[in-house]
Amino acid sequence: MPAIEVAPGYFLDKLQPGDDIAAFDCGHREVNGFLRQNAFDDVSKGLSITYVIKDRNARVVSYISLCMGSLKIEDPGCRFKSQPGLLIGQVGTDEKHKIDRDGKKFYFGHILIRFALYKALELK
């Protein structure tokens, strides 16, 4: 997938070596920690894929981590006991990159959630 410009100077792409994650801080220790300590490793192991929004200097300003899972079906009349599903593992936006549009807060996380829905439909 080539990078997609989602806002002037900001691009949606897969997390790649060389992306600058050092200054990322969404205000949640666990979400920050996943990006810094687990995201690359989970991708290399095939456990998840992380998409980021980054600026022209490859500084990550928002991310979402997606993985496959299953949803348990407890309906005794259903022949299936589970269905595959796309799970959002983590999502976060750097505190410094929350944008005010027309008096409303707009988060890059919203773009990433919509992107995840698109990916889920694409897998259908």
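Reader: Is D19 buried or exposed?

Author: Buried means under 20% relative accessible area, exposed means over 50%, and partly exposed covers what lies in between, with a 1.4 Å probe and protein chains only. D19 has a relative accessible area of 10%, so this residue is buried. The model is predicted: local features need pLDDT of at least 70, side-chain atom pairs count only at pLDDT 80 or more, and totals for chains, interfaces and linings use all residues. Residues are numbered from 1 along each chain as its sequence is written, and side-chain values use heavy atoms, with hydrogens and water left out.

Reader: With which residue does D19 form a salt bridge?

Author: Side chains of opposite charge can pair when their charged atoms come close. The cut-off for a salt bridge is a side-chain nitrogen of Lys or Arg within 4 Å of a carboxyl oxygen of Asp or Glu. D19 pairs in this way with K54, and their closest N and O atoms are 2.8 Å apart. Helices (H or I, at least four residues) and strands (E, at least two) are DSSP runs, numbered from the N terminus. K54 is buried as well, at a relative accessible area of 9%.

Reader: How many salt bridges are found in the whole structure?

Author: A search finds six. Some share partners, and in this way D13, D19 and K54 are joined into one network. Another salt bridge pairs K45 with D41, with 3.1 Å between the closest N and O atoms. K45 counts as exposed at 56% relative accessibility, and D41 is partly exposed at 35%.

Reader: Where do E122 and K119 lie?

Author: Both are in helix 2, three residues apart, which is about one turn of the helix. E122 is partly exposed, with a relative accessible area of 44%, whereas K119 counts as buried at 17%.

Reader: Which residues does K119 touch, not counting residues up to four places away in sequence?

Author: Contact means heavy atoms within 4.5 Å. With that exclusion, K119 touches Y51 and L86.

Reader: How are the rings of Y51 and F115 placed?

Author: A pair of aromatic rings is described by the distance of the centres and the angle of the planes. Rings of Phe, Tyr and Trp (its six-membered ring) pair if their centres lie within 6.5 Å; planes under 30 degrees apart count as stacked, over 60 as edge-to-face and the rest as tilted. The search of the whole structure finds five aromatic pairs. In one of them, the ring centres of Y51 and F115 are 4.7 Å apart and the planes meet at 70°, so the pair is edge-to-face. Y51 is in strand 3 (residues 49-55) and F115 in helix 2 (residues 108-123), and the pair links these distant parts of the chain across 64 residues. Y51 and F115 are both buried.

Reader: What kind of aromatic pair do F115 and Y118 form?

Author: A tilted one, with 6.4 Å from centre to centre and 35° between the planes. F115 and Y118 are three residues apart in helix 2, and are therefore separated by about one helical turn. F115 counts as buried at 9% relative accessibility, and Y118 as partly exposed at 47%. Elsewhere, F24, F34 and Y63 form one aromatic cluster.

Reader: Which residues touch the most other members of the largest nonpolar core?

Author: A nonpolar core is a set of buried Ala, Val, Leu, Ile, Met, Phe, Trp, Tyr and Cys residues joined through side-chain atoms within 4.5 Å. The largest has 13 residues, and Y10, L12, Y51, I53, I64 and F108 touch the most other members. At least two residues come from each of strand 2 (10-14), strand 3, strand 4 (60-72) and helix 2. Helix 2 supplies the largest share of this core, five residues. Apart from this core lies another, of eleven residues, with I21, C26, V60 and Y63 among them.

Reader: What is the phi of A58?

Author: The phi of A58 is positive, about 65°, although A58 is not a glycine. A58 is in the loop between strand 3 and strand 4.
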